[in-house]
Structure formats: structure tokens, C-alpha cells
Amino acid sequence: MNIADSIVIITGASAGLGLECARQLCSAGATVYGLARRKERLQDAAEELGSRFKPVACDVTNEQSVRDAFATVLNDSGRIDVLINNAGLGSFGPVDELSIDAWNTMMDTNLRGVFLATRAVVPAMKKQNETSGFGGHIVNIASVAGLLGNPSISAYNATKFGVRGFSDAMMKELRGDGIKVTCVYPGSIETEFFEVAGVDISPNPMTAKDVASTILHVIGTGDNYLVSEVVMRPLRPRG
Ligand SMILES: NC(=O)c1ccc[n+]([C@@H]2O[C@H](COP(=O)([O-])OP(=O)(O)OC[C@H]3O[C@@H](n4cnc5c(N)ncnc54)[C@H](OP(=O)(O)O)[C@@H]3O)[C@@H](O)[C@H]2O)c1
């Protein structure tokens, strides 16, 4: 797909990887609708990125909020070429110390949020396929925690393994409708994720810039070429 002049929605565009994807997509000529809860952070992004970045307040855990946000985008743009399901967070600890609220928040954001945004965009993408022969592209941001379990991150593991299963099913279900589904599995990235999780960042993380550039590469591939999964890791995780 040609990124220039494409219409992209990114959930969790107020910070970190989502913001960096927005930055790179805007400079490649896309129009990016950036969804997140913090309006002031979205406004900062709009000031930095200019008129190609359109802030849209949205809480992906809230069904009505997701429905409203996607209706706003479709009204404004008439189509959606790419959805990047990126909004997510972690909360870690031994299973017997993990609160039920923390479990619910991670499930609602990282997994249910991906489902809500996907079901909001698929009808428009199916129509686009009928009219233009190409539906669009959904990119889900999982994590290496969606491939490997580890002590004290069980709930986060469960959400990201869930994103993996959902993505694999969506890839097979939607390819016939001309809709690509790609699931990406990054290792540690230097973002605010670790501050939000209240844990130390790993010693030698990847940059959001590197991860975002791979996502753009995948989005920019030819229409009959589907990259369904990508794993990214720092070369020397311990530095
Ligand atoms: N950093 C890493 O090491 C790493 C590694 C692998 C995968 N990932 C995944 O990469 C994705 C992006 O994380 P990041 O590292 O960029 O973290 P980040 O800097 O903390 O950014 C997280 C983004 O998610 C948004 N978000 C959180 N809850 C939301 C909600 N209910 N509704 C809408 N937006 C919400 C935040 O916006 P608001 O707070 O403004 O709503 C923010 O824009 C996540 O899915 C994460 O699991 C991260």
C-alpha cells in the first residue's frame, strides 16, 4: 500500500511507539487520526506534527467511546486504510499479589480494546475492498510477552498471547476480504511503558524509532504481499 495520502488510525498515539508511528507516517504523507485518553498529550502531538495529525479522544476500554471515535474518523475521512492497535499497558507482580483491577484493566485495554477497534473498522474495510479491490491493513502490537511466558508478568502475558490468537484468526478470516492483518512482537522499547508499569526499564532497549520504521515498512509492502508476524529484539539486551 502506498503510505502517502493514506488514512491511518493509531490507538495509544499520545506517547511512545504510537506517537513515533504517527510521526513517521505523517512525514511519509499519511493522515493520522491519533486516539488516546490524554487530550493534552494529543494536542502536543498535533502541535508537533501539524495538520496531518488529527487528535481524537478515546478510551479503548469503553465500547461507546470506541464506536464514537471510529464514526468521527469515518465521517471526516470517508475511509480508513490502516488501523494500528497499539494502546496498551502492563502491571506486573506475582499472581497472588496481582489485583483484580490490574488484571481487568490490562485485559480491557490490551485485548478487549483490540477487539473493539477491529470490529469498528472491519465493515468499512470490507466495503473498501468491494469498491477498490483492497480493504486495508490492521497492525496489532503484541509483544515478545505474547510468545513467551515469564514469572511475574502472567496477566500481561495472557493479554498478549490473546492478541496473538486473535490476530492469527483475523489474518485467516479477513485475507479473503482484501484486509491484511499483521501482529508484531517487540521486545523492550524505550518508552513510558515502564514508568506506567512501575518497573525498571531493561538495560539496553530498542528505540521506538526502529520499531516504528519496521511497522511502516510492513504497511508499505505490495497489496498482494502479507507479512503476518514480525518479532523484534535488541541485539544485546543486557548492553
Ligand atoms: N515498551 C515496551 O517495552 C513494549 C514492548 C513490547 C510491546 N509493547 C506494547 O507497545 C504498545 C505501546 O506501548 P508503549 O511502549 O508505547 O507505552 P507508552 O509510552 O506507555 O504508551 C502507551 C499508549 O497507550 C495509550 N493507552 C493506554 N490505555 C489506553 C486506553 N484505555 N485507551 C486509549 N489509549 C490508551 C496511552 O495513552 P493515554 O494514556 O493518553 O490514554 C499511550 O498513548 C503497548 O501495546 C505495549 O504493550 C511495549
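Me: What are the buried residues of helix α2 (residues 39-49)?
Reply: This is a predicted model: local features need pLDDT of at least 70, side-chain atom pairs count only at pLDDT 80 or more, and totals for chains, interfaces and linings use all residues. Residues are numbered from 1 along each chain as its sequence is written. A residue is buried if 20 or more other C-beta atoms (placed from the backbone) lie within 10 Å of its own, exposed if 12 or fewer, and partly exposed in between. In α2 the buried ones are L42, A45 and L49.

Me: What do the buried residues of α2 pack against?
Reply: Helices (H or I, at least four residues) and strands (E, at least two) are DSSP runs, numbered from the N terminus. Seen down the α2 axis, the buried residues fall within an arc of 55 degrees (taken from the directions from axis to C-beta atoms), so they line one face of the helix. On the other side, K39, E40, Q43 and E47 are exposed. Contact means C-beta atoms within 7 Å, and the buried residues of α2 pack against α1, β2 and β3.

Me: Which residue just after α2 takes a positive phi?
Reply: Look just past the end of α2. There, a positive phi of about 80 degrees belongs to G50.

Me: Within what arc do the buried residues of α3 fall, seen down its axis?
Reply: The buried residues of helix α3 (residues 63-77) are V66, A69, F70 and V73. They line one face of the helix, because their arc is 90 degrees.

Me: How far apart are the end C-alpha atoms of α3?
Reply: The expected span is 1.5 Å times one less than the number of residues. For the 15 residues of α3 that gives 21 Å. The model agrees, because the end C-alpha atoms are apart by 21 Å.

Me: What covers the buried residues of α3?
Reply: On the other side of α3, Q64, A71 and N75 are exposed. The cover over the buried residues includes β1, β2 (31-36), β3 (53-57) and α4.

Me: In strand β4 (residues 82-85), which residues are buried on each side?
Reply: In a regular strand the side chains alternate between the two faces of the sheet. Both faces of β4 are covered. One side has V82 and I84, the other L83 and N85.

Me: What unit do β4, helix α4 (residues 100-132) and β5 make?
Reply: A crossover is right-handed if, with the strands pointing away from the viewer, the path from the first strand over the helix to the second runs clockwise. By that rule, these elements make a right-handed β-α-β unit.

Me: Which element gives the most residues to the shell around the ligand?
Reply: Of the 30 residues around the ligand, G12, G16, R37, R38 and G88 come nearest. Two elements give two or more residues: α1 (16-27) and α6 (193-197). With 3 residues, the most comes from α1.

Me: Is S152 buried, partly exposed or exposed?
Reply: S152 sits in the loop between β5 and α5 (154-174). Its phi is near 70 degrees, a positive value in a residue other than glycine. It has 14 C-beta neighbours inside 10 Å, so S152 counts as partly exposed.

Methods:
Two residues are in contact if their C-beta atoms, placed from the backbone, lie within 7 Å. A residue is near a molecule or strand if its C-beta atom, placed from the backbone, lies within 6 Å of it.
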